Amino acid sequence: MALAHGHASGMGGMRAAGDLVARMQMTRGMKIKEAKEHVAGKLKIAVSELTDPVVMTEVRRDLQLGVITPHPLEARGIEAKFRIAQALGIDINCVQRFKGNSGLI
Amino acid sequence: MGTIFTRFGDGTATTLSEKELRADLEAGTADAGDRGKIPPLSDDDLRHLFDIFKAPQSFLSVEPGNEVVLTYDAGTLKIRRVGVAVDRIQALQIYEKIMGADTMELCHVDYSFKPLKPILTMEQPVLEQALLATHIPLFYGAMPNLGLYSQPDGPFPNPAELMPAGKIKEAQESYEQTVAEAVRDIVFVAGAMHESGADGINIDTVGAAGDADFLAALLASEQLKARYPDICIELGMAGEFVLGMHGGLQYDGVRLAGLYPHDQARLAAKAGVTLFGPVVNTNTSRTSPWNVARAVTFIKAAVAASPVPVHANMGMGVGGVPVADHPPIDIVSRASKAVVEICRLDGL
């Protein structure tokens, strides 16, 4: 059923920009329209491109935000989340924790 | 005029004429309007619903641009429930990489805050490790489940035994004591998982044990927000209506018993909740058009009243989705499209 909802009305997760828009709702309490506009603005793309997996894979690869099929040497996991925090202008809880534990801050 | 394929709330297939479909949509929204004292759907909304249910396709979707963010309750538990033998971190990766989930939730099979307390230090490293390997936001979730705080499972006298014996005051006192204990447990577990790096805390199935259960979730949210101002809390309800098991409990001067989603949303936001998840129960003996029209009416009012983003619960048996182990995608996709487009939802 999660798949049915995902196809019927979801943003596609990290195939597109679903996780990024989710982060704006979660960290800033933004409603959907504002959250989409924020992410599109930060990534310098149109709101309509946020759910386009072709455009978003390119954008995510360029900015090292993590993709479904990462190539060798590309950012993934916590590495990509450092980039996501920077790209969206937000603090990500586990990234801050990583910085603290590794002596980066 | 041909017949329209649809289903009942238990998933059983049926057909309706156009006239019957229109009548069911109107009856569904009228029922919600009457119970919730909220406006019924407009003619435009009912026309949109009519078109959704009349469409011959087996699967429908929102129009491009209307997509929303999906959050999940009991996330990793559902992989175990279907018998797929993978570890929880693998389950998170399956949702993230294979199912394209926008967010995901780590949880324990014993999905209540109370039993998590003694195993918290075993749960934190799993979350911490998962956060290193995944990309999408991760919630940690559990239920307040106040039923665990009364005898024989907990320390307090069982209100379900006191009430039939006419000991109303004693039953109310027991509920009040369970609230204090549950708040302590929720704050303890959720605080620890936040400190371990969780992107959000999902307080799920809230109100399952009635108004005391809802109060515990609100008070815990308030305390968590005061302690961790940047914490994200999603509060998902158990049912459409807060059962008055105590009857007199209040939050912010509002009596909790009998509240519907639009009033629940206001209180959740007041308590510091980041995302609110309303529930509308599915009636198995009415048709899916009736159920979806009813759900859309309640949720639309909740979205209008809520200062925070609303992620409607659309799992099995709620939000117009049939009560069936394997809900048919013809109705799931119609319910999904209907609530997102008509209610202007922020997520599911």
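The model is predicted: local features need pLDDT of at least 70, side-chain atom pairs count only at pLDDT 80 or more, and totals for chains, interfaces and linings use all residues. Residues are numbered from 1 along each chain as its sequence is written, chains are lettered from A and ligands numbered from 1 in the order in which they are written, and side-chain values use heavy atoms, with hydrogens and water left out. Chain A and chain B bury about 3600 Å² between them. The structure holds 20 salt bridges over all chains.

**Sheet in chain B**

- Five strands of chain B form an open sheet in the order E3-E4-E5-E6-E9, with parallel pairing. Helices (H or I, at least four residues) and strands (E, at least two) are DSSP runs, numbered from the N terminus. Two strands pair if DSSP finds at least two bridges between them.
- Strand E3 (104–106) and strand E9 (275–277) of chain B are the edge strands, and each pairs on one side only.
- Neighbouring strands of this sheet are turned by 25 degrees against each other on average, direction ignored. Axes are lines fitted to C-alpha atoms, for helices over the stretch in contact, and angles run from 0 to 180 degrees between N-to-C directions.
- Four bridges join strand E5 (residues 200–206) and strand E6 (residues 233–237) of chain B in the parallel sense. Ile203(B) has Leu235(B) in E6(B) as its bridge partner.
- Helix H8 (residues 168–195) of chain B lies across strand E4 (138–142) and E5 of chain B. The helix runs at about 150 degrees to E5(B).

**Interface of chains A and B**

- Contact (heavy atoms within 4.5 Å) links 43 residues of chain A with 57 residues of chain B.
- Carbon and sulfur atoms give 61% of the buried area. That area is the accessible area (1.4 Å probe) that two parts lose on being put together, summed over both.
- The rule finds two salt bridges across this interface. A salt bridge is a side-chain nitrogen of Lys or Arg within 4 Å of a carboxyl oxygen of Asp or Glu.
- Arg97(A) forms a salt bridge with Glu128(B), with the closest N and O atoms 3.2 Å apart.
- On the side of chain A that touches chain B, the elements giving two or more residues include helix H1 (2–9) and helix H6 (93–101) of chain A. H1(A) gives the most, with eight residues.

**Salt bridge within chain A**

- Arg60(A) and Asp19(A) meet in a salt bridge (2.8 Å, N to O). Arg60(A) lies in helix H4 and Asp19(A) in helix H2 of chain A, so the pair ties together parts 41 residues apart in sequence.

**Backbone exceptions**

- Most residues other than glycine have a negative phi, and most peptide bonds are trans.
- The peptide bond from Gln151(B) to Pro152(B) is cis, with omega near 10 degrees. Pro152(B) sits in the loop between E4 and helix H7 (159–162) of chain B.
- Lys44(A), a residue other than glycine, has a positive phi, near 60 degrees. Lys44(A) is in the loop between H3 and helix H4 (53–63) of chain A.
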